[in-house]
Amino acid sequence: MTPETIMTVGRQTLEVTVMLAAAPLLAALAVGLIISLFQAATQINEATLSFIPKLLALVVVMIVMGPWMITKLVDYTKRLYESIPSLIE
């Protein structure tokens, strides 16, 4: 196993990880921004106010994007397991 192979597998792993994490993180970011704007406009300074909306947004994103995320993860895992013989050589 060459260093180039290790770097390629690591890069692919990071790409899949970023793709899978992007949707929930962006949803939480967007909801947090909207709640922050609401808090700034109404002068409400409650730190726990954004917790439930963020949680609900993450649940919705996981319901909507979950099948795609599972498919991507299973495809990557299959490709990785199928490439093990060529990685060992």
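The numbered points below take the basis of the model, then the helices, then single residues.

1. Basis. This is a predicted model, in which local features need pLDDT of at least 70, side-chain atom pairs count only at pLDDT 80 or more, and totals for chains, interfaces and linings use all residues. Residues are numbered from 1 along each chain as its sequence is written, and side-chain values use heavy atoms, with hydrogens and water left out.

2. Helix H1. Helix H1 covers residues 3-42; helices here are DSSP runs of H or I with at least four residues, numbered from the N terminus. The 40 residues of H1 should span 58 Å at 1.5 Å a residue, and the end C-alpha atoms are 55 Å apart, which agrees. The expected span is 1.5 Å times one less than the number of residues. H1 bends by about 40° at Ala22, with the proline Pro24 following within four residues. The bend at a residue is the angle between axes fitted to the seven residues ending there and the seven starting there.

3. Packing of the two helices. Which residues of H1 are buried? They are Val16, Leu20, Ala23, Pro24, Ala27, Ala28, Val31, Gly32, Ile35 and Gln39, and they pack against H2. Buried means under 20% relative accessible area, exposed over 50%, and partly exposed in between (1.4 Å probe, protein chains only). In H2, the buried residues are Ala57, Val61, Gly66, Met69 and Tyr76, and H1 is included in what covers them.

4. Helix H2. This helix runs over residues 51-82. H2 has a kink of about 60° at Met65, shortly before the proline Pro67.

5. Leu58. Leu58 belongs to helix H2. Because its relative accessible area is 29%, Leu58 is partly exposed. Apart from neighbours within four places in sequence, Leu58 is in contact (heavy atoms within 4.5 Å) with Pro24 and Ala28. The C-alpha atoms of Leu58 and Ala27 are separated by 6.7 Å, although these residues are 31 apart along the chain.

6. Gln39 is in helix H1 and counts as buried because its relative accessibility is 15%. Leaving aside neighbours within four places in sequence, Gln39 touches Ile44, Glu46 and Leu49 by the contact criterion. Just after H1, Gln43 takes a positive phi of about 60°, in a residue other than glycine. Gln43 sits in the loop between H1 and H2, and with a relative accessible area of 63% it is exposed.

7. Salt bridge. How many salt bridges does a search of the whole structure find? The search finds one, and it joins the side chains of Arg11 and Glu15 at 2.7 Å, N to O. The criterion is a side-chain nitrogen of Lys or Arg within 4 Å of a carboxyl oxygen of Asp or Glu. Both residues lie in helix H1, four residues apart, about one turn of the helix. An α-helix has 3.6 residues a turn, so residues three or four places apart point the same way. Arg11 counts as partly exposed at 44% relative accessibility, and Glu15 counts as partly exposed at 42%.

8. Nonpolar surface patch. Phe51, Ile52, Leu55, Leu56, Val59, Val60, Ile63 and Val64 form a nonpolar patch on the surface, with about 800 Å² of accessible area together. Patches are made of residues with over 30% relative accessible area and no salt bridge; nonpolar side chains (Val, Leu, Ile, Met, Phe, Trp, Tyr) are joined within 5 Å, and like charges within 9 Å. Areas come from the Shrake-Rupley method with a 1.4 Å probe, and for residues only the protein chains shown count as cover. Phe51 lies in helix H2 and, at 55% relative accessibility, counts as exposed.
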